[in-house]
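Please open the model in your viewer and keep the sequence panel beside it. The stops below say what to select next and what is there.

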Amino acid sequence: MGNYAHSFRGETYRFADLQAVLARASARRSGDELAGLAASSDAERVAARAVLADLPLKIFLEEPLIPYEEDEVTRLIFDTHDAAAFAPVSHMTVGQFRDWLLSYEADSATLAALAPGLTPEMVAAVSKLMRNQDLIAVARKCVVVKTFRNTVGLPGRLSSRLQPNHPTDDLKGIAASTLDGLLYGSGDAVIGINPATDNVQNCLRLLGMLDELRSRYEIPTQTCVLTHVTNAIEVIQAGGAVDLVFQSIAGSQKANEGFGVSLSILREAQDAALSLKRGTIGNDVMYFETGQGAALSADAHWGLDQQTIETRAYAVARAYQPLLVNTVVGFIGPEYLYDGKQIIRAGLEDHFCAKLLGVPMGCDVCYTNHAEADQDDMDTLMTLLTAAGVSFVIAVPGADDVMLNYQSLAYHDILYLRSVFNARPAPEFEVWLEKMDMVDRAGRMKLPTPSNAVLQRLIGDHRDAA
Amino acid sequence: MPPEDPWEALRLATRARIGLGRAGDAMKVEDVLDFQFAHAVARDAVHAKLDLARLKAALPGAICVHSEAEGREQYLRRPDLGRRLAPECFEQLPRGEYDAVLVIADGLSATAVMHNAVPMVEAAMERLGGFRIAPPIIATQARVALGDDIGEAMGAKLCAILVGERPGLTVSDSLGVYLTYNPKRGTQDSARNCISNIHTHGGLSYATAADMLAWLMREALRRGLTGVGLKEASGLLGGAAQAALAG
């Protein structure tokens, strides 16, 4: 145990252990207060940051925050650590690492080579010393490119998940929301449904419809029904059209057990999806969701603050070469992230930490009706995340998810972000949009009037099919 | 003749906000305001207070209690406090040989309680002849598990807590009922049965919800349990009740 203390203007602030330093250095958020881990004053918070800045980065290789013997996520982190990749920064303190990340020397190639040498705890630690602009500036330099039927994560591109959820999984209703999103150029990350009824039979039905739609219009994208990984394995065995296997994950073995998963079952699911060979230009077949507060809500946080244990989930994700990962940042509720300010900070942290670890991070920019947040906060977060080079964001019709009863981004927001940042869809998807005559000469999505030929064709097909 | 809106047919299949217009890249002003209105009503439901005088007038003999959460902000930040009865409230609760106590709780939508709780209680009482029912309890800053403290303090075999559900943009006044056998502090949520989505905008009707509740209460007393075990037995129920319980 080290001696963790810092003095400022005659006052000495002491911290019991490394866990306490990390927790108290975190920007204020309701989940850490709920867990009794947060700094008790603003001054104590800054003192914790000062202690953290002087700690050597390699302390996180010497002191596991969750015991190696008791947690398979810790074992994964330590057993797969690449010491050679870590060497260039192994002499640094956390504070020096922050300054180095922002230096011109730390360019995209350097950061990509470093990623296997970093552990989640190092990344979480340095993020606590970074302002929002630092999180954006460094994340923007981290390029993480993944492929399946198209290419997600290229610089200058912004992809989106089209999320056509329906409260009773009505196929026609889902198709209508899907067509709507395609007319906004959404869906290049994935067309992904959260099923209202989560069983194998229903997944087969939904996947069949999505695959038929994708095949009929030859859309260069991937589809997914976000069912539990064990269901996905059964669906694959039953001959279902599984492009991507989805699973919610968290940063400790116990929290993952709460989700009904282990590292071995995730490997089994990845192998099953790979065996289908459905990817055309790549085989990144996994899709993970994470979110601060998940571990605490399962009482599986091991005394860690919610941001540090969240970052450990990215170590789980990167072991399976995912195509997509996203934090559901505002979904978990105000007891974890109380208001727009906390949601925005957490969204930027999650994105930065994942990207620095080499994980293709996207975000469900979202909130619930009992959080102190609204669409203005979402405008801010999605704009900042796009500036930071987020791999993808989630969009639903009119920002209103009528199945999960929360607010995400609207299809319109994808147009706004692509316009303001001159960000384009995934290249293969962009070609498809042009081929479908959905883009005008300035590269903007055409406004589909009722007489629009594409709209008439898409809707006509579905009216007839219904 | 303007061309027919091709989205009309598809809107019959979903209440998602499909086929909206555009102002450049953005939503049209009427759609922005429609969304803001729905969000405002939902937020107002979260922050509204129960009209205790009106509820007490409608529920003779009702007793008002509150959780350890002081005010709505603390309630939202600290779910643990909303699950515990404030110490000074225990002595207000009469102890007796009760089969059941009905708790009316604000939860995340006081609006849902003001719109639906009284008719729901009346519909339930009509179907609970022969039950020894405790005086109704009105609870504020309350989470579902607050019913455990209340039921335990009163010695009731069953606690049915009627609670405002988290508002959505479409429905902000949906009521849920959670039934717990042998309520006591620390009961797991898997040991409860839930009847959700009770409201008057296409949700579950009071009569159907009350049929379900009465069936669940009789079976819970007969079998001495609530939760997963009782849910599996609900195959005996018919029609809408069965469907609602399955969802």
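Two residues are in contact here if their C-beta atoms, placed from the backbone, lie within 7 Å. This is a predicted model, in which local features need pLDDT of at least 70, side-chain atom pairs count only at pLDDT 80 or more, and totals for chains, interfaces and linings use all residues. Residues are numbered from 1 along each chain as its sequence is written, and chains are lettered from A and ligands numbered from 1 in the order in which they are written.

**Stop 1: chain B**

Select chain B. Among its contacts between residues at least 6 apart in sequence, 72% join residues at least 24 apart. Along its principal axes, the C-alpha trace of chain B spans about 70 × 45 × 30 Å. Colour by secondary structure to find ten helices and six strands in chain B; helices (H or I, at least four residues) and strands (E, at least two) are DSSP runs, numbered from the N terminus.

A residue is buried if 20 or more other C-beta atoms lie within 10 Å of its own, exposed if 12 or fewer, and partly exposed in between, with C-beta atoms placed from the backbone. Of the 247 residues of chain B, 47% count as buried.

**Stop 2: helix α7 of chain B**

Select residues 146–154 of chain B, which form helix α7. How many of the nine residues of this helix are buried? Eight of them are, and the helix is mostly covered. The buried ones are Leu146(B), Gly147(B), Asp148(B), Asp149(B), Ile150(B), Gly151(B), Ala153(B) and Met154(B). To see what they pack against, show β1 (63–66), α5 (79–82), β2 (100–105), β3 (137–140), β4 (158–164) and β5 (175–181) of chain B. After α7(B) comes Gly155(B), which has a positive phi near 75°.

**Stop 3: where the chains meet**

Show both chains. The contact takes 35 residues from chain A and 34 residues from chain B. On the side of chain A that touches chain B, at least two residues each come from α2 (30–34), α11 (171–182), α20 (411–420) and α22 (453–465) of chain A. Of that side, α11(A) gives the largest share, five residues. By class, the side of chain A that touches chain B has 14 nonpolar, 13 polar and eight charged residues. Ala, Val, Leu, Ile, Met, Phe, Trp, Tyr, Cys and Pro count as nonpolar, Asp, Glu, Lys and Arg as charged, and the others, Gly among them, as polar.

**Stop 4: chain A as a whole**

Chain A has 22 helices and 15 strands, and 57% of its 466 residues count as buried. Its C-alpha trace spans about 75 × 45 × 45 Å along the principal axes. Among contacts in chain A between residues at least 6 apart in sequence, 77% join residues at least 24 apart.

**Stop 5: α10 and α18 of chain A**

Select residues 132–141 and 340–356 of chain A, helices α10 and α18. Their axes come within 9 Å and cross at roughly 30°. Axes are lines fitted to C-alpha atoms, for helices over the stretch in contact, and angles run from 0 to 180 degrees between N-to-C directions. Which residues of α10(A) meet α18(A)? They are Asn132(A), Leu135(A), Ile136(A), Val138(A) and Ala139(A). From α18(A), the residues they meet include Leu348(A), His351(A) and Phe352(A). The residues of this contact of α10(A) with α18(A) divide into seven nonpolar, two polar and three charged.

**Stop 6: α1 and α3 of chain A**

Move to residues 18–25 and 42–54 of chain A, helices α1 and α3, which pack at an angle of about 125° with their axes 7 Å apart. That makes α1(A) oblique to α3(A); angles under 35 degrees count as roughly parallel, over 145 as roughly antiparallel, 65 to 115 as roughly perpendicular and the rest as oblique. Val21(A), Arg24(A) and Ala25(A) of α1(A) make the contact with residues of α3(A), among them Glu44(A), Arg45(A) and Ala48(A). The contact of α1(A) with α3(A) has five nonpolar, no polar and four charged residues.

**Stop 7**

Pick Arg9(A), in the loop between β1 (4–8) and β2 (11–15) of chain A. Arg9(A) has a positive phi of about 50° although it is not a glycine. Most residues other than glycine have a negative phi. Is Arg9(A) buried or exposed? Arg9(A) is exposed, because 5 other C-beta atoms lie within 10 Å.

Lys277(A), in the loop between α15 (263–276) and β9 (286–290) of chain A, also has a positive phi of about 50°.
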